[in-house]
Amino acid sequence: MRVSAKTDYALQAMAVLAAAPEGEQTKAEQISKAQDIPLKFLLAIMNELKRARLVRSQRGVEGGFVLARPADEITLADVIRAVDGPLANIHDSSLRDMAYPSPAEPLLEVWMAVRASLRCVLEEVTLDHLATGRLPKSVRSLAARYEADTRVRYPS
């Protein structure tokens, strides 16, 4: 999976909104400065998140953006799908429509496993987890395992 700048910025912006007091509007300029995101790019992203009904906006001096649902009901997968589409895209095809001739035939199962693994993490982690800094234990364990594997493979 390649995480685009657009997805990374969308997740950062949503984390800022999730950390704001409930119902309090946050201006795009505040998010842009806090996360070092180009304002024009951020506004385009916020419009996509609005179309996906993940955020609401209000114009005017007191306006800004707010989450459309509670932070514990919006997953990272929801945000990623809103701005970038499927979590793991293989040739823009449904896995049900794909087939490989032998000996590459097992690749289909590999792609299924990749999608399932991504979903296990990205559909479990919510914006509330980001805002509070309390990631699910399963995610922390995977991250720790990755860090340990990296230290073994690439010692300093």
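Arginine 53 counts as exposed, at 67% relative accessibility. The scale behind that word is simple: buried means under 20% relative accessible area, exposed over 50%, and partly exposed in between, using a 1.4 Å probe and protein chains only. Arginine 53 is found in the loop between α3 and β1 (55-58). Its backbone has a positive phi of about 60°, although arginine 53 is not a glycine.

Before going on, a word on where this comes from: the model is predicted, so local features need pLDDT of at least 70 and side-chain atom pairs count only at pLDDT 80 or more, while totals for chains, interfaces and linings use all residues. Residues are numbered from 1 along each chain as its sequence is written, and side-chain values use heavy atoms, with hydrogens and water left out.

Aspartate 36 also has a positive phi, of about 55°, and is not a glycine. You'll find aspartate 36 in the loop between α2 and α3. Aspartate 36 is exposed, with a relative accessible area of 65%.

**The chain as a whole**

Step back and the protein chain shows seven helices and two strands. Helices (H or I, at least four residues) and strands (E, at least two) are DSSP runs, numbered from the N terminus. From that end on, the elements run α-α-α-β-β-α-α-α-α. The C-alpha trace spans about 60 × 40 × 25 Å along its principal axes. Of the 156 residues in the protein chain, 34% are buried. As for contacts (heavy atoms within 4.5 Å), take those with a separation of 6 or more: residues 24 or more positions apart account for 62% of them.

Two packed helices are described by the angle between their axes and the distance between the axes. The axes are lines fitted to C-alpha atoms, for helices over the stretch in contact, and the angles run from 0 to 180 degrees between N-to-C directions. Here are two such pairs:

| Helix pair | Angle | Axis distance |
|---|---|---|
| α2 (residues 28-35) and α3 | about 120° | 10 Å |
| α1 and α4 (residues 76-84) | about 135° | 9 Å |

With its angle, α1 is oblique to α4. On this scale, angles under 35 degrees count as roughly parallel, over 145 as roughly antiparallel, 65 to 115 as roughly perpendicular and the rest as oblique. α1 passes α4 in a right-handed crossing. A crossing is right-handed if the near helix is turned clockwise from the far one by less than a right angle, and left-handed if anticlockwise. On the α1 side the contact is made by Lys6, Thr7, Ala10, Leu11 and Met14, and on the α4 side by Leu76, Val79, Ile80, Val83 and Asp84. Those residues divide into seven nonpolar, one polar and two charged. In this sorting, Ala, Val, Leu, Ile, Met, Phe, Trp, Tyr, Cys and Pro count as nonpolar, Asp, Glu, Lys and Arg as charged, and the others, Gly among them, as polar.

Now for the other pair. α2 and α3 are oblique to each other, and α2 passes α3 in a right-handed crossing. Ala28, Glu29, Ile31 and Ser32 of α2 make the contact with Leu39, Leu42 and Leu43 of α3. The tally for this contact is five nonpolar, one polar and one charged.

**More from helix α3**

Glutamate 48 is found in helix α3. With a relative accessible area of 18%, glutamate 48 is buried. Leaving aside residues up to four places away in sequence, glutamate 48 touches Lys6, Ala82 and Val83.

Alanine 44 is found in helix α3 too, and counts as partly exposed at 38% relative accessibility. Alanine 44 and valine 83 are 39 residues apart in sequence, and their C-alpha atoms are 9.9 Å apart in space.

**The aromatic pair**

The structure holds one aromatic pair. Tyrosine 9 and phenylalanine 41 form it edge-to-face, 5.5 Å centre to centre with 80° between the planes. For the record, rings of Phe, Tyr and Trp (its six-membered ring) pair if their centres lie within 6.5 Å; planes under 30 degrees apart count as stacked, over 60 as edge-to-face and the rest as tilted. The pair links distant parts of the chain, with tyrosine 9 in helix α1 (residues 5-19) and phenylalanine 41 in helix α3 (residues 39-51), 32 residues apart. Tyrosine 9 counts as buried at 18% relative accessibility, while phenylalanine 41 counts as partly exposed at 31%.
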